[in-house]
Amino acid sequence: MKSFLQRAAFALAVSVSVAAPLVASAQPSGTLTVALPAEPATLDPHKGNTRYNYLFNSNMFEGLMVRNDKAELVPGIAESHTVSPDGLTYTFTLRKGVRFHDGSPLTAEDVKFSLERATNPATKNPLLNFIKTIDKVEILDANRIALTLKEKDAIFLKKLTFAGWIVPRAYLQQVGEEGFARRPIGTGPFRFVSRSINERIEMQANEQHWGWVPKVRTLVLRTVPEDAVRLGMLQTGEADIVAEMPPPLLDRISAIRGVKTLSHPSGEIYWLVLNIKDGAKESPLLKREVRIALNHAIDRQAIIKNVLRDQAEQIPGVLAPSVSVVDPNFKPYAYDPARARKILADAGYPNGFKIDMYGSVGRYTLDRDINLALANQLKAVGVEVNLNLWDSAKWVSDLPKKYYPMSYQAFGNTIFDPEGLMIFGVHSKAFWSFYRNENVDKLIDESLSITDQNARDAHFQKIDRAMHDDASHIFLWENKILFGIRDRVTWQPRPGDNVYKFWTASVGK
Amino acid sequence: MPGTGYLVERLLQAIVCILGISVIVFAITYLIGDPVHLLLPPEASATDREAFRAAMSLDRPALERYGLFLANALQGDLGQSYRYHLPVLEVVLERFPATLELALAAIVFAIVLGIGSGMLSAVRPGSAWDRMVELVALSGMAAPTFWVGIMLIWLFAVEWQMFPTSGRSGALSLVLPAITLGLYSAAVISRMTRSTLLEALGEDFVRTAVLKGAPQRAILFVHCLKYVLPALVTIVSLQFVLLLAGAVITETVFSWPGVGRLLVQSASGGDYPVVQGITLLLSVAFVLIQLLADLLQFALDPRLRSAT
Amino acid sequence: MRTRFDLQFAFAVVVIALFLVAGVFGGWIAPYDPAQQDLTQTLKPPAWHPDGSLAHLLGTSPLGQDVLSGLLAGARVSLLVALCAVGLSGAFGVVVGLIAGYVGGWLDAVLMRLADIQISIPFILLAIALIGALGPSLANVILVIAITNWVAYAKLVRTETARLRQRDFVRFARVCGTPWPVIFVRHLLPNVMNSVVVLVTLDIGKVIIFESGLSFLGLGVQPPTPSWGGMLADGRKYINIAYWTSLFPGIAIFLVVLCVNFAGNWLRVRTDPKAAP
């Protein structure tokens with residue numbers, strides 16, 4: 001250290017180099033490449049109906065309330081809200097200073113426009129059923145909006161968060177519907193940069209976000225349907241995160257140096273759906289004893305261990321442990337083929353019976369293999385299963401025609417409340433439900449008005465138990481989604497959340 | 001003039017063909033069924049679905065929908081994709097360069113390997129070389145495309161890391177998919193070249209050239225290829241179209257972002273306008289390529305001209 | 001060089017014979033019922049691996065089914081599809097070709113335009129549509145392949161028939177007033193049969209690959225009926241960790257198709273005087 005000047009320069013250099021990382025850590029940096037098996041075909045949040053659309057929406061757009069990275073329901077574009085005593089009117093106070101990705105400020109008009117667009121039948125919003133209880137949207141003043149519902153709904157906010165995305169009115173009217181689908185604009189943590197159809201979508205951190213600026217600068221979503229190819233991308237480093245890997249590849253992924261696996265409880269429950277609602281009049285499934293016998297016939301642990309490689313957790317009923325509070329004392333039906341046979345004989349089927357089963361191929365993880373395994377186990381107790389394995393598209397298209405006596409299905413988590421499953425998949429009025437039980441219907445109707453969370457948990461456990469006792473379905477498991485993640489990535493999705501939020505992800509060296 | 005008569009006739013035939021294709025394409029997607037349940041989540045109610053169906057005009061009678069489809073198609077409007085909510089033409093054309101690139105690379109590979117090996121075989125018929133080429137060609141025709149693709153990825157991309165595993169990212173990424181796609185065609189072209197060349201080598205004009213003392217190279221390339229060209233043009237045009245259609249499997253295996261992969265995903269996603277659009281475009285391309293090949297042959301081979 | 005050639009042909013004949021035996025008797029000679037699952041024996045490697053055992057010579061499937069048994073029993077489907085699909089499409093194509101070539105004129109033009117339309121539509125799409133509508137089954141797979149495969153026969157036979165029609169013996173028969181069915185069967189058919197037979201042998205291989213391709217896409221024969229294409233489709237997901245589930249059915253298809261092509265090639269060389277030895 002010769003002169004004062006040199007010492008000063010040195011001190012400056014040291015302090016800058018110490019301060020620089022502190023400043024830099026607030027700046028998003030790095031590129032995160034995620035390889036997914038499918039893409040959000042449309043980028044318009046009011047037109048998509050698949051998991052990948054919801055994923056894109058969660059990172060690009062926001063609603064009045066949002067779910068943070070821990071999937072907690074927190075204020076979003078609206079910083080607070082009140083509910084009228086009769087439960088029909090929700091008044092939101094909008095947050096100040098929220099801007100769209102093009103810099104224009106968010107106004108009450110945008111909120112009104114977006115919610116009306118989402119509920120307008122002409123928009124053909126697939127998620128309309130979540131928010132059609134909205135009767136009126138009124139602008140009270142520049143910062144306040146009032147939503148009036150047609151009927152009381154204890155979980156309206158949870159549904160709104162899933163389907164009520166806010167889009168910019170002026171921009172949309174200027175570029176038109178197709179223009180918006182080409183270059184969407186929202187208020188979320190990531191902004192849209194570019195897209196190559198069926199190949200990749202590039203997004204960038206929104207550094208003006210009101211709540212959480214992403215840690216990565218660039219987010220690239222690659223569409224790679226082939227599992228082996230995604231694995232290859234992980235090995236060569238072309239992808240940082242690969243999602244939804246098939247369970248058989250678990251060991252291969254673990255063996256790659258610099259990569260770790262993540263078994264992520266998906267919140268999606270799997271069950272063998274039995275058609276009792278519109279089924280044949282003389283169907284053996286109409287007898288409760290028969291359904292109980294079938295539940296005893298399935299060796300779930302064998303399938304989970306040998307076919308799914310432990311990427312699933314058996315559940316006694318229909319509640320997913322990652323989303324709901326499941327009673328720990330609740331025991332599932334035991335695997336007992338001898339007992340199954342005896343119950344069938346007592347119920348009037350000593351030689352079993354014939355039944356048709358319809359399974360999909362390519363819709364769910366290893367669905368072909370699991371369908372075959374399930375059919376085989378049923379055959380072992382005398383049930384002659386005629387298994388029809390259909391391509392995913394045909395299976396889905398024909399399912400509503402309601403002639404599948406038995407089918408392997410899943411039901412996913414959308415609103416983080418078991419009521420979603422109940423009103424859309426169990427209640428006899430639901431389009432996708434094949435079950436009818438007056439008692440269960442009554443219990444579900446009651447849950448619509450219970451607001452206390454603990455009371456809700458207890459109530460749903462009651463419904464779960466009722467369905468289990470009635471052997472409404474053949475209960476199976478909650479599955480886990482398998483990820484391969486490079487060590488340089490720090491990211492943890494919340495269990496039960498299958499719309500992955502990437503703003504907390506960071507990429508190291 | 002006999003020439004224009006043939007031209008007009010071929011053009012009319014092409015138009016009839018395309019119309020017939022449009023009918024069948026439309027009937028196929030009509031037959032596949034109802035996309036409404038594929039485009040809506042399980043949570044949608046029965047009334048939602050009916051409204052959706054009406055909003056998409058799916059409840060109109062078939063003839064009316066076909067008429068609309070045809071009228072729009074003639075104006076270049078192939079409808080809007082159910083899943084992308086963008087014009088079908090835009091969605092398909094964005095993917096088209098990738099498939100074209102792959103098909104061209106595959107046909108170049110097939111032509112170079114096919115004609116090269118075919119010529120070598122024809123020059124030394126019955127030799128060990130000929131036998132080996134025959135074996136490889138027959139193997140190329142016997143190996144299922146997806147199997148070849150997966151094996152190539154496994155060996156050259158994952159184990160030896162010489163090429164990328166997937167996707168379209170520059171010249172290197174084109175190699176494995178082009179080989180996979182072009183292998184069958186290379187085999188067919190090889191056999192075709194060999195047999196037509198052998199046939200040509202036995203013809204009088206070749207004997208005359210030999211007697212006149214022309215060098216062997218000149219005989220082969222100048223005389224024989226000219227003789228062989230018409231047959232080759234037919235084969236190559238046929239193969240090219242087979243390539244466009246067969247790209248489906250190769251694009252799937254290599255995650256190549258082309259039209260073939262889009263076709264399969266649209267079919268399983270219920271995006272029938274895209275399926276219709278792709279099929280129509282591919283079929284029209286086929287008819288046009290055939291027309292072009294026929295016209296090319298007509299121009300090349302004087303014998304055909306006198307036949308009309 | 002003659003001996004080399006015959007060795008190749010002999011090899012082909014042996015493989016084809018094995019294929020036929022497996023196709024007819026496979027279900028009986030197989031050591032296990034190919035559909036029998038054993039979830040405790042999933043994805044066991046072939047016998048020569050340290051983890052493998054002689055109980056399952058070629059390993060097991062993802063559901064514990066024996067691969068060797070699947071290969072033997074699956075030959076049946078490939079054989080059935082090959083024979084029936086080629087038989088149906090060949091018969092139909094030959095008839096259409098005879099009519100088109102003999103009658104000529106507008107009928108010829110119409111039939112050939114239909115043929116052109118047929119081949120313009122990508123096979124994959126036709127298969128997805130037809131099987132989507134009719135449901136996947138062995139019969140429907142045969143039907144789909146037959147519907148799409150007749151064109152090559154029709155075109156070939158039509159060209160040959162048009163040529164033959166000009167020949168003296170045919171003209172003579174017509175002048176004599178011979179009814180056309182007799183002309184078809186006695187004069188035309190025997191002369192086109194040579195080329196048709198060669199096309200058939202080359203077609204069998206193509207059809208076997210078509211069937212495996214359909215199964216690969218999930219449109220083929222349904223389990224528990226074992227088929228090579230079905231095994232390939234099943235094994236595809238596991239190719240990184242259990243190569244045997246895909247390799248062996250793939251080799252089976254490849255060998256059979258290769259040998260059938262050899263045989264066809266040999267036949268063509270024998271019957272076509274212009275081809276080189």
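Predicted model: local features only at pLDDT ≥ 70, side-chain atom pairs only at ≥ 80, totals over all residues.
Colleague: Which residue in E5(A) stands opposite Ser80(A)?

Modeller: Thr93(A) stands opposite Ser80(A). Residues are numbered from 1 along each chain as its sequence is written, while chains are lettered from A and ligands numbered from 1 in the order in which they are written.

Colleague: How do you know that E4(A) and strand E5 of chain A pair?

Modeller: Pairing requires at least two bridges found by DSSP. Five bridges join E4(A) to E5(A) (residues 89-94), and the two run antiparallel; therefore they pair.

Colleague: What makes strand E4 and strand E6 of chain A edge strands?

Modeller: E4(A) (78-83) and E6(A) (134-141) each pair on one side only. The open sheet has the order E4-E5-E7-E6 in chain A, with antiparallel pairing.

Colleague: How many helices and strands does chain A have?

Modeller: Chain A has 16 helices and 19 strands, which are DSSP runs numbered from the N terminus (helices H or I, at least four residues; strands E, at least two).

Colleague: Why is chain A called as compact as a globular protein of its length?

Modeller: The globule rule (2.2 Å times the number of residues to the power 0.38) is set against the radius of gyration, taken over C-alpha atoms. For 509 residues the rule gives 23 Å, and chain A has 26 Å, which is close, so the description holds.
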